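Here is a short briefing to read with the model open beside you. Take it one topic at a time, and find each residue as you go.

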Amino acid sequence: MDEPLERRAVISGAAQSDIGRRLHRSGLDLTIEAALRAIDDAGLTVDDIDGLSTYPGSGGPFGGASGAELHDALRLSLNWRDGGLETSGQLGAVHKAVLAVGAGLARHVLVFRTVVEGSGGPVRASAAGGGMPPAFRYLIPYGAASAANWVACYANRHMHDYGTTREQLGAVAINARNHAASNPKAIYTEPMTMEDYLEARLVSEPFGLYDCDVPCDGSTAVVVSHRDHAGDAPEVPIQVNALGTAHRGRPSWDQFDDLTTMGMRDSAASLWERTELTPEDVDTAQLYDGFSWLTLAWIEAMGFCQRGEGGPFVEDGTRIAHGGALPLNTWGGQLSGGRLHGFGFLHEAVMQLRGQAHLQVEDAEVAVVGAGGGPECGALLLTRGLT
Amino acid sequence: MRSVVAHPGADVTGTPTRVVDPGPEDGFYWTSGADGHLRIAGCNDCERLHHPPAPVCPYCHGRGLEPKVVSGQGTVAAFTINHQPFMPGFDPPYAFGFVEIDEDPTIRLGTNIVGCELDAIRVGMTVEVTFEESGDYFVPLFKPTGST
C-alpha cells in the first residue's frame, strides 16, 4: 500500500501544566502554561504555530478551554483550526492534526486537552429536562447518569462470560498506583494493597472507588509537525506510525453490538490495518483507564491477548509492571495519575520513546496509545525517531 | 440479602423524579404503557424492529415507522447495582441494566430491574415489562417473569 499519510507527521513537542486536585486556576490559564511549554519543547516560537486542534472544543459538557480562547489569547495566526467532540475519541484531536499536517494545511499544529474537573466538580445530570442528548434518553430516566453505570454493565457481562474477577480489575488499579509513585505530578501516590482496593466503597458494581479515575485540573499539549520540519527540534522526533480511527459498531453506549467490548475493538483493528508493525513490537502500552475494566478491553482489542483473556493477562501484575513484558500506564494512568482525559497517556508515550520518562522502559522504540471508552475511542502507534 | 428496590425513581410521596425527555420519534415509547403494552418501533415495509426509534429503517431504509406491540418478555443482557447517589430521587442501591426483548435480541432496552432482591439479578434472567407512571409517561421497567 501507499505509505499512510500519517507517516508525514511527527510529535515534536509535548508538555503539561501543573496538575492537581484543586488548582483553582482557569482552564485557559492551564492551557497557556502547557501550550507555551510544548512549543518551547519543540524548539519553536508561538509564531511558528500555524495549526490548532483540541478536544472537545467549545460546546461540550466538559471542556476545559476552547481552541478559540487559546487562539485569541496567544494571537495565533492559523492556517488550520479544529475542535470537536464527534471524532475518534480524545485522540481524535491528534488524528486530525496529523492529517492536516500530512495534507499540507499546516506545518506545526498545537494540540491540547485541558480538564478542570478537580475544581469544577463532577458533571451532573440535570433533573430539569429539556434538550437531553439522544444518547442519554434511555439512560437518564433510569438513574444511569454516569459512565460508571454504563461501563459497569459491560464489565459485569465480561465477568459473566469470561470469568473475569474483581481482583483482576484490581491488578490494573494497583499497577497504576505503583507506577504513579514515580510521577511527581500524580494525584494518588500512596501504596495501595489488594485489600485496600477491595474494601473501598462501591460505586456501581463491579466498580468500587479505585476502579474510577480521579478528577483533576491540568492541561496537556503536544506539537504535531511535518517530518520535513523536524530536523531543527531539540528532542528526538516521535514518528506517527498509524492512526486507529474506526467506528464500525453502533455509536452508542447502550446499543453496541457486543457487550464485552466497546469502540476500542474497532480503533485497535483499524490501527493494525495501517502498519507493518504488530502487537509483539510494542515496548510499552498506554491504555485508557477511565474505569479499570476499559484497560482490559483495550488490552484485548489491541491483540496483546485473546478476547476474554484480559483478566488472566493482568493478574498478579507482573506482566504489566515496569520491568514486565508489557509495561502499562507507566505514569500512573488516570486511576492514580489523574483524569487528563486521554492525553496523559499520549504525553507518557512521547516521554518513554524519548527516554525521558520518570519510570523509563529500557530501549523503548514503539509505544501504543489507546484512549476512550464506549463508542468514543481512538488509538495512535508511535515510534522513536524518523523512519 | 439486600432489600427490594421496587421503584428507584419515585420518592416517598410518589412524585415522579424520572427525567423523561422524548425526542421527535420516540414519544410513543414513553406513553405506550398506558394500555399495558410495550411498543417498539417497526418498519412498515420490512416489518423489522429497531431501537431507539428513528425516521428510517436501518435495514431496508424504509421511511414508514409504526409502533408495534411486543410481548414485553425479555432477558437481562447486562446490569449493574448502582451505589452512588448520582441523581436526585434515585436512592441507591438500585439495579440498572440492559434487557434484550424476545422478539429480537438486537433490541436492547436500558431499564431498571425491579421486583426482586438485588442479589438475585443475573445475566440471562428472564424478565417482563412493568410500567411506572411518572407524570405524563409510563416508564418501562422489567421484573422477573411471573413475579408480582
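- Asp316(A) sits in the loop between helix H10 (310-314) and helix H11 (333-337) of chain A; helices (H or I, at least four residues) and strands (E, at least two) are DSSP runs, numbered from the N terminus.
- Although Asp316(A) is not a glycine, its phi is positive, about 75 degrees.
- Asp316(A) is exposed, because 12 other C-beta atoms lie within 10 Å. A residue is buried if 20 or more other C-beta atoms lie within 10 Å of its own, exposed if 12 or fewer, and partly exposed in between, with C-beta atoms placed from the backbone.
- His61(B), also a residue other than glycine, has a positive phi near 65 degrees, and its place is in the loop between E2 and E3 of chain B.
- With 10 C-beta neighbours inside 10 Å, His61(B) counts as exposed.
- The peptide bond from Tyr55(A) to Pro56(A) is cis, with omega near -5 degrees; Pro56(A) lies in the loop between strand E2 (51-54) and H2 of chain A.
- Pro92(B) and Pro93(B) are joined by a cis peptide bond with omega about 0 degrees, and Pro93(B) belongs to the loop between strand E4 (73-82) and strand E5 (94-101) of chain B.

**How to read the model**

- This is a predicted model, in which local features need pLDDT of at least 70, side-chain atom pairs count only at pLDDT 80 or more, and totals for chains, interfaces and linings use all residues.
- Residues are numbered from 1 along each chain as its sequence is written, while chains are lettered from A and ligands numbered from 1 in the order in which they are written.

**Helix H1 of chain A**

- The 15 residues of helix H1 (residues 27-41) of chain A should span 21 Å at 1.5 Å a residue, and the end C-alpha atoms are 21 Å apart, which agrees; the expected span is 1.5 Å times one less than the number of residues.
- Among the buried residues of H1(A) are Leu30(A), Ala34(A) and Ala38(A).
- The buried residues of H1(A) pack against strand E1 (9-16), helix H2 (67-73), strand E4 (108-116) and strand E7 (217-226) of chain A.
- After H1(A) comes Gly43(A), with a positive phi near 75 degrees.

**A buried glutamine**

- Gln286(A) lies in strand E9 (residues 284-287) of chain A.
- Is Gln286(A) buried or exposed? Gln286(A) counts as buried because it has 28 C-beta neighbours inside 10 Å.
- Not counting residues up to four places away in sequence, Gln286(A) touches residues including Asn329(A), Glu348(A) and Val369(A); two residues are in contact if their C-beta atoms, placed from the backbone, lie within 7 Å.

**Chain B and its sheet**

- Chain B has 1 helix and 8 strands, and buried residues make up 42% of its 148 residues.
- An open sheet of 3 strands has the order E2-E1-E3 (chain B), with antiparallel pairing; strands pair if DSSP finds at least two bridges between them.
- The edge strands, each pairing on one side only, are strand E2 (49-50) and strand E3 (65-70) of chain B.
- In E2(B), Leu49(B) is the bridge partner of Gly42(B).

**Where the chains meet**

- 31 residues of chain A are in contact with 33 residues of chain B.
- H5(A) gives the most to the side of chain A that touches chain B, with 8 residues.
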